[in-house]
Amino acid sequence: MTSLQTDVLIVGGGLGGVAAALAALRRGRQVILTEQYPWLGGQLTSQIVPPDESYWVEQFGITASYRALRDGIRDYYRQNYPLTERARSTKELNPGLGRVSRLCHEPRVAVAVLDALLAPYRASGLLTVLQPALPVAATVDGDLVTSVTVEHDGQRREITASFVLDATETGDLLPLVNAEYVIGAESRAETGEPNAAEVSDPQNVQAITWCFAFDHEEGADHTIERPAEYDRFRAAHPEFWGAPLLSFTAPDPRTLEPVTRTMNVNPPIVERGASDQRTDAGDRDLWEFRRILARENFVPGFLDSDVVVANWPMLDYLDGSVIDTADAADHLAGAKELARSYVYWLQTEAPRPDGGFGFPGLRLRGDVAGTEDGFAQAPYIRESRRIVARRTVVEQDISVALRGHGGPATFDDSVGVGMYRIDIHPSTGGDNYIDVECAPFEIPLGALVPVRLRNFLPAAKNIGTTHITNGAYRLHPVEWNIGESAGELAAFCLEGALDPGAVLADRALIIAFQARLVEAGIEIHWPEIIGY
């Protein structure tokens, strides 16, 4: 075992982890960042999920560094790709013209931009990245985390740090450091939330999804080998689904009525752009929904086909949780087998607009996903372990219906902002969608402060939310803001010899910290807008 020492250790290199690292680094702190997968960026890259963002993302409601990431992605296309003049001159360039987002793009481009943002700190020696690396143990002295051990390059490395941040996808450090935490669905008696379950269930979590990237080659046959469990998934018919799982039909998240989607392969382009999420989820045509490269953005001959990411309701894996379960590996394999089965169904049985069946020309794009098989490096994780925090955000804080209005949900100790509907996918406990109109919300400092540990912070989807409110706080720009504010908090505490609880308990320190965040380009309040 080798030993390393740093000011700030960040375990998990997803969006929250990268943002936390950048925040601590710009304050001059030594940082070690570890990541399990080949790509930094988490849900945006290794999970290949285009960004889910608010209606106002091009105007406000994100941090300056997250805007730099978005601008960097657009600039990368302008500098390196044969765009049409129209696309090149479009300020709000959307490479894929996907309906889900105003910036649908290849995950590899985001990796390049994230690496560029971190490159100066790597060169200076302030930043060390261990990749791939998995946390396997930790030591704790009372209320202080003294070290974390990771497996990296075939050996164990014990890392001591003044501050430890958990930015993993499922809150993997929480059990290792004996943090108080919650997982799964709380009961209504515990939280008072109208949409909470009658009985708490730690194993009732949002479905995970194993996404894949694909295009279509007319006249070719790229049909994969029939998956071993194809018959099982082909026979699956969840009670609330309204159709077999392997179909184009799934519940509408907002009405719960079964809706049959279309998949029009390489359609003539209709310049609709991203959907208005206030009224339209944009998911009625699966090809357009999460398309990440659109032919008409590029000079003729550059692309023979659009490129699409599949992150669709039919891929949601409902058979069990992958957190704190003995059979987690089986469920991870099951989620990928479901995705593989859906690919095979698309290639062999899916109804075509011309009345035929199957799209054998559908081709998995491993080069896009950074894998050999075309499936993402990692499953898309919607729900994590969550710290027991000094403040827990509940449905009553952010629901438009419960608050009686759609104006911003404010907190005196705000350290950032976010906006997304409370969007809870079908769960491993057998629940259908829960989709709730949400106010533009703030991120309270109290949700980042554990009830006991003094040098440990959450920096991703593991803050003080509930099974319900996590549905709004889990998306790309919010995770980034959480991580960035956590990194800033660690640096602020190191400079003042403070712990986060002391900051939270002192109004003057909160105000000083908030001023520092604003100076760093982190918005802590919304203008007067109405949620959806």
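Which residue takes a positive phi in the hairpin of strand 4 and strand 5?

**Entry 1: basis.** I worked from a predicted model, in which local features need pLDDT of at least 70, side-chain atom pairs count only at pLDDT 80 or more, and totals for chains, interfaces and linings use all residues. Residues are numbered from 1 along each chain as its sequence is written, and side-chain values use heavy atoms, with hydrogens and water left out.

**Entry 2: the hairpins.** I began with the opening question: Gly142 takes a positive phi near 65° in the hairpin of strand 4 and strand 5, where two residues lie between the strands. Strands here are DSSP runs of E with at least two residues, helices are runs of H or I with at least four residues, and both are numbered from the N terminus. Strand 4 (residues 133-141) and strand 5 (residues 144-152) run antiparallel and are joined by eight bridges; two strands count as paired if DSSP finds at least two bridges between them. I noted that Ala137 has Thr149 in strand 5 as its bridge partner.

I then followed strand 5 onward. Five bridges join strand 5 to strand 6 (residues 155-166), again in an antiparallel arrangement. These strands form a hairpin with two residues between them, and Asp153 in the turn has a positive phi of about 55°. Val148 is bridged to Ile159 in strand 6.

**Entry 3: Val164.** Leaving aside neighbours within four places in sequence, Val164 is in contact with Leu9, Val145, Val148, Leu173, Asn455, Phe456 and Leu457, where contact means heavy atoms within 4.5 Å.

**Entry 4: the parallel strands.** I looked next at strand 2 (residues 31-34), which is covered on both faces: Val31 and Leu33 on one side, and Ile32 and Thr34 on the other, are all buried. In a regular strand the side chains alternate between the two faces of the sheet. Strand 1 (residues 2-11) runs parallel to strand 2, with four bridges between them, and Ile10 stands opposite Leu33. Strand 2 also runs parallel to strand 3 (residues 127-130), likewise through four bridges, and Val31 stands opposite Leu127.

**Entry 5: the cores.** Which residues have the most contacts inside the largest nonpolar core? I listed Leu165, Phe212, Met263, Trp312, Tyr342, Leu346 and Tyr473, in a core of 140 residues. A nonpolar core is a set of buried Ala, Val, Leu, Ile, Met, Phe, Trp, Tyr and Cys residues joined through side-chain atoms within 4.5 Å. Helix 9 (residues 328-348) gives the largest share of this core, nine residues. A second, separate core of 19 residues includes Ala133, Val145, Ile159 and Phe456.

Not counting residues up to four places away in sequence, Phe212 touches residues including Ile48, Val308, Leu346 and Phe375.

**Entry 6: Asn432.** Asn432 lies in the loop between strand 18 (422-424) and strand 19 (434-436). I counted Asn432 as buried because its relative accessibility is 15%. Beyond neighbours within four places in sequence, Asn432 is in contact with Phe240, Pro251, Leu256, Ile424 and Pro426.

Note on methods
Buried < 20%, exposed > 50% of the residue type's maximum accessible area, 1.4 Å probe, protein only.
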